[in-house]
Amino acid sequence: MSTTALYNDQGGAEAAVEAGQEGTPASSGVGAGFGLFSTDFKKNDDLKEMLESNKESLKLEAMKRIVGLIAKGKNASELFPAVVKNVASKNIELKKLVYVYLVRYAEEQQDLALLSISTFQRALKDPNQLIRASALRVLSSIRVPIIVPIMMLAIKESATDLSPYVRKTSAHAIQKLFSLDPDQKEQLIEVIEKLLKDKSTLVAGSVVMAFEEVCPDRIDLIHKNYRKLCNLLVDVEEWGQVVIMSMLTRYARTQFTSPWKEGATFDENDKAFYDSDVEKDQAEAKPYTMDPDHRLLLRNTKPLLQSRNTAVVMSVAQLYWHLAPTSEVTVVTKSLVRLLRSHREVQYVVLQNIATMSIQRKGMFEPYMKSFYVRSTDATHIKTLKLEILTNLANEANISTILREFQTYVKSQDKAFAAATIQAIGRCATNITEVTDTCLNGLVLLLSNRDETVVAESVVVIKKLLQTQPTQHSDIIKHMAKLFDKITVAMARASIVWLIGEYCERVPKIAPDLLRKMAKSFTAEEDIVKLQTLNLGAKLYLTNPKQTKLLTQYILNLGKYDQNYDIRDRTRFIRQLIVPNEKSGALSKYARRILLASKPAPLLESAFKDRERFQLGTLSHSLNIKTTGYLELSDWPAVAPDQSVRNVEVIEPVKEWIPSVGKSKPAKSDDKFYSDSEGEREEEGGSGSRSGSSDSSSSSSSNSSEESGSEDESEEKSSSSSDESDRSSSQSGKSSSGSEADQKKKKKSKKAKPSTGNSDSDENGNDPVAQGSSSSEETSSDSESADESESEAQQKRSTSRSKPKVEAPPKKEVSLLDLDDLSPLPLTTSKSSVLSPSLLSDLEGLSLSNVSSTVQVNIPTFGPVKSHDLLHHMTGKGLSAQYHFPRRPCLYQASMVNVQITLTNSSDQALEEIHIKDWSPTNLNVHCFNTIVYPCSDSTKEDQFTVSIHPAVGELLLPTSLTEHDFQKEQGKLLGMNETSATITVATKNSSAQPLNKQILSVANLGEVRTGPSNIHRFAGRTVSSGALVLVSIEAKENSTASLVINTDKSVMASMLLRDLKQALSQA
Amino acid sequence: MIHSLFLINHSGDIFLEKHWKSVVSRSVCDYFFEARENAGSPENVPPVLQTPHHYLISIYRDRLFFLSAVQTEVPPLFVIEFLHRVAEMFQDYFGECSEVVIKDNVVIVYELLEEMLDNGFPLATESNVLKEMIRPPTILRSVVNTLTGGSYIGETLPMGQLSTIPWRRSGVKYTNNEAYFDVIEEIDAILDKSGTTVFAEIQGVIEACIKLSGMPDLTLSFMNPRLLDDVSFHPCVRFKRWESERVLSFIPPDGNFTLMTYHVSTQNLVAIPVYVKQSIGFFESGSCGRLDLTVGPKQTMGKTVEGMMITIHMPTAVLSANLTATQGSHTYNPITKVLVWDVGKLNPQKLPNLRGSLSLQSGAPKPEENPSLNINLKIQQLAISGIKVNRLDMYGEKYKPFKGVKYVTKAGRFQVRT
């Protein structure tokens, strides 16, 4: 030991102690441990002294010896106070050793460990990423519950660190914290979600590991990262690859349809499914097309078969086995066979997996059969596994080769292996009928083997084989009876006795003789042989009572007083059964049928058959038990879940997706929802008084058709206004509002004088909101019918008025959005550039300030506006459209909802003449299909896209202000059927009042009801169409749950709203 | 993942333990010792064991058991592969992996283990990265450290972990820039009694020793890449280039590493370089047997066979051997029952022969099976599959490196049944 040598060099009284310690064997028993304890104690005293000295070298020396103690598993915990002082040491090596010590003993000395925390907190802010990382590592490794909040904070901070290495460490820390305090789960999931989005290959493996440990069931977190993980996989470090692949295997099993199924039934299902849903991909209606994401996974994992890391190769193999179409699984064969060259332990695990695979898929490994030939130097468990595989691979074509190979194995010195070989031969014989006779003859030859275990095993196997075809082979039975005297192995003797008993009628002379022998040696036999002797006696008693009656009774008498209760039991049973007396009534009549019933032949099958239930390559599979933490592989879903969840917006800088408003919401439900509300509205009209505060629009729209018409118009109008503002704003932002000419002039003249223009533009209602965000290269537009202060006619006028001013820079040909039914006159664009780019930017600034002021004036309620994709730029060939709900009361008609559509041209060509046409009038206000048509000027190409606007239910409301008293009164009216409530979990971030309100208001356009300081928050609103009151109250409770109550007579709306709110609140 | 690691020597003493999560009592090893006892030889211990609270995954290597305790589901190969990496790392650091060496360097070992795993999940397993953080001991440095009280820990913190190529450290400088490649092929074969080939295949490995400054980008091409049937690469090799052009393109790690391993397609008939004429027999009576072995070169492509060695695991009944060899030395170990005949160089003119008698335990039955012969050999300057490196090009650096390729053929698992 170098430390010892070093220590001795320094010379000291302690040398003797050290030497004494050296002399003690490492594996100290209990007795030795006590002796050691005293020396330890003494020694630790001087270690303490060294640690408290001023010399770095002495401290270091002491720490080295302490680490040596820890390594040997000795207790050094009483040095804790002395060691912990050095945690802030400048010496890196000393520091590292102190860390080692801390991590080991902090759990036992929690109070003292807290002394070190501040050091780590300081180090977490160090400019060196490695110091930050190591501080987090140690901090999170200290298993002291009291510092959980500090750890949580450190993890959250490190998860956003610039260095991927620190982020990786924070992913590890997540698992540590979770095992220390599982209550932190929700918060940790948030961090995991954040880290999953990380693009660094360094982080990917570790965060997936954390995901697997903390929340393996939150598959929804993976959707958005699925493609990224697949693409990164090759570059992730080896260990991460293993973890990611095993997670993706489970993921794929839940998200894709089975590639194995073929045929009509599947097809039909598909059709039925898609008929109801028009939007779905037509390509999928075919019998089976692999999901491109499924293919992506298979394609990206294949190169990893060439990894040097055996665990990675095995991981790919299991992934292919569980996910790939049957024809493709074979690609893994070669690599798996390659692993057999590796270390013995690797061979063992790989062979286990191959054994399972070869049961189902012989063909996969048959060409590599020779790789499974056994070498005499293989370990026993390897030999048995190889044998197992060879047996599985045996078929008519190769059986002769295999049997020849088996012949050499039978002669092996390893007798356990020889016995296993005999069993394997037996299995081959039953599976392949062509060779049954050959095998049987071979086994009979083995009966003359000198080795007892071989003979015994042969007897047992022959017994099983004979059972499958008992009609022939009475000579073999005779041969075995002859052997009986030589065999001493109990199992073999029992087998022979059973065999003769079972087929006693075929060997009428030998059987009674054997019974005679057995009667003689009965007392000396093993239990299992005794039992079989009793059986033999009973059977002979029934078939040949003349010769054997007395013998049997003798044996029964012996059995009656046997020491083993099983044998006594059996004796009693058989006596009652076969010897008729007054007590045994009905049963003895059937004795013959009971005892001499033909027995089914035993099925010889692989011991690996039942391992199929486990995922390959797992510990569970290896041990054939369900281990703790094993995650089941689910069955393929019959119908693939929505694949669009994996779509990731690539170009957009800000990703805002609202999953609930995706494609998955079918049009049907919307219709239903609408018709419901219609029905109820009529009801409402009858009662009238109930919603006393209902505004004029709802009362005026007494019949639904009228309202639908108006809704239609509002839609049209919104688009018309959008076209108008589009024109104006897209012209390099020259005119920020498309209404009043003089205002525009004002703006032009006073370039950067927003204050006066603001209010005007507010009134005029056209806010170039999008301009702020869109770059100057894009032609952007926006529209808001919301703030349209003018009537339709006026609008037309304004449209036409603005026309002459419509101008575009030469390169950017700007299209006019026009509505066929509103403005039938052909619109032309005149090209003359008026504005300079600088003016443009000025105007952008102007428009931005416009927005802010508008928000202040018009929207009292808080509403972070989420925009939804209407048309993706990929599908739209450069044209993208987004819509959002600006939440301003529609001045055109109160029963309308404003929709703002933003069109963006991201191609480098100009797009012209964008129309929106083809309403689908049946869908009314809830659902409308728009078709955007634009012919390209240069190619005269015309494209047409069908898009649809899905209004979130929360957007169909108008905020209403109520007092708390009124709220409760109204709520009292809307009980029973009209109340929908649920207890929901609230993400910890949302637990306080402020963000909670914010979340709710972002989902639904409601007005907050001012209440006193309490846990209950109330919101009120009315439906836009009918003015029905919607009351939402939420009461925050402990454990980040809350009870949410919605009172409204629109029950469908209530449940949809509830769902949306629930989702918004549970998410971060 | 990996909870704890115990190092156990051949006689069953735990001489090192390391825990990455909470401490697991070493009494968990008792289950392992039990299995060890049942298994007979250490090779036969099942690598995966189950105990009431833990799962034990172990490897046996260099007469040491590396035993890891895990608590939850983990791919067993993951752990096994990692344990082998640990053993390789010891080998790399200390030149050998043995109890004495590990005990002597217990502090470095502990620091290594600390860096390799975090919370049971591998953190840094690349030798290059680890060596930057924890310097391997050299004789000179240990002398200096003894005198000055210096440390093994690197003064500067490594940056390699953070680059896109984690296997290469930055700022490598050599005065002599060299790149050596060893193409080593091993013949795995089973020959039956009559000398016909039951099974034969060639496994190859390319070991590289790269001492190049800066960030060289190397391209290695073969004359006949079609021979390679199945390959596995060091992570540095760009798989896409291999797929499309069949060349190895890589930025190498610094120092020694395994560039690739390959398997030569079995369709090609494997040349077996030697033949063995053997006759081993035991007499029914008299409790003795005789042994007569002759070896000679067969298909050696004109090269000399060196380092020829035959190892025979005798049946347990064989007590002693009274043999004479015309060439080389032979020993028989009556305890392990292993007969080793170290032949040396094969001379085609004068074939080496070993003959004599074996004495058996009196009264013991005649052994059932004749022992099989395990053969070791070495042929320099020959890759038996015929694979040839075409050229090595370097990009990214200005200097001209010295390049070298060496071929060796060895016997792998080469067994002759008798």
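Of the 1068 residues of chain A, 55% count as buried, where buried means under 20% relative accessible area, exposed over 50% and partly exposed in between, with a 1.4 Å probe and protein chains only. This is a predicted model, in which local features need pLDDT of at least 70 and side-chain atom pairs count only at pLDDT 80 or more, while totals for chains, interfaces and linings use all residues. Residues are numbered from 1 along each chain as its sequence is written, chains are lettered from A in the order in which they are written, and side-chain values use heavy atoms, without hydrogens and water.

**Confidence**
- The model has an ipTM of 0.91 and a pTM of 0.67.
- In chain B the average pLDDT is 85, and 92% of the residues score at least 70; pLDDT is the predictor's confidence in each residue, from 0 to 100.
- Where pLDDT is low, the predicted coordinates should not be read in detail.

**Chain A as a whole**
- Chain A contains 45 helices and 14 strands, which are DSSP runs numbered from the N terminus (helices: H or I, at least four residues; strands: E, at least two).
- Among contacts in chain A with a separation of 6 or more, 66% join residues 24 or more positions apart; contact means heavy atoms within 4.5 Å.
- Chain A exposes about 45100 Å², of which carbon and sulfur atoms supply 54%; accessible areas come from the Shrake-Rupley method with a 1.4 Å probe, and for residues only the protein chains shown count as cover.

**Nonpolar cores**
- The largest nonpolar core has 255 residues, and Ile578(A), Phe66(B) and Phe90(B) have the most contacts inside it; such a core is a set of buried Ala, Val, Leu, Ile, Met, Phe, Trp, Tyr and Cys residues joined through side-chain atoms within 4.5 Å.
- Helix H2 (residues 76–94) of chain B gives this core its largest share, 12 residues.
- A second, separate core of 74 residues includes Leu218(B), Phe250(B), Met314(B) and Phe414(B).
- Beyond residues up to four places away in sequence, Ile578(A) touches several residues, among them Ala538(A), Tyr541(A) and Leu595(A).

**Two loops of chain A**
- Tyr590(A) lies in the loop between helix H32 (565–578) and helix H33 (591–595), and Tyr590(A) is partly exposed because its relative accessible area is 41%.
- Pro145(A) lies in the loop between helix H8 (129–141) and helix H9 (148–158), and its relative accessible area of 46% makes Pro145(A) partly exposed.
- Pro145(A) and Glu107(A) are 38 residues apart in sequence and 9.1 Å apart in space, C-alpha to C-alpha.
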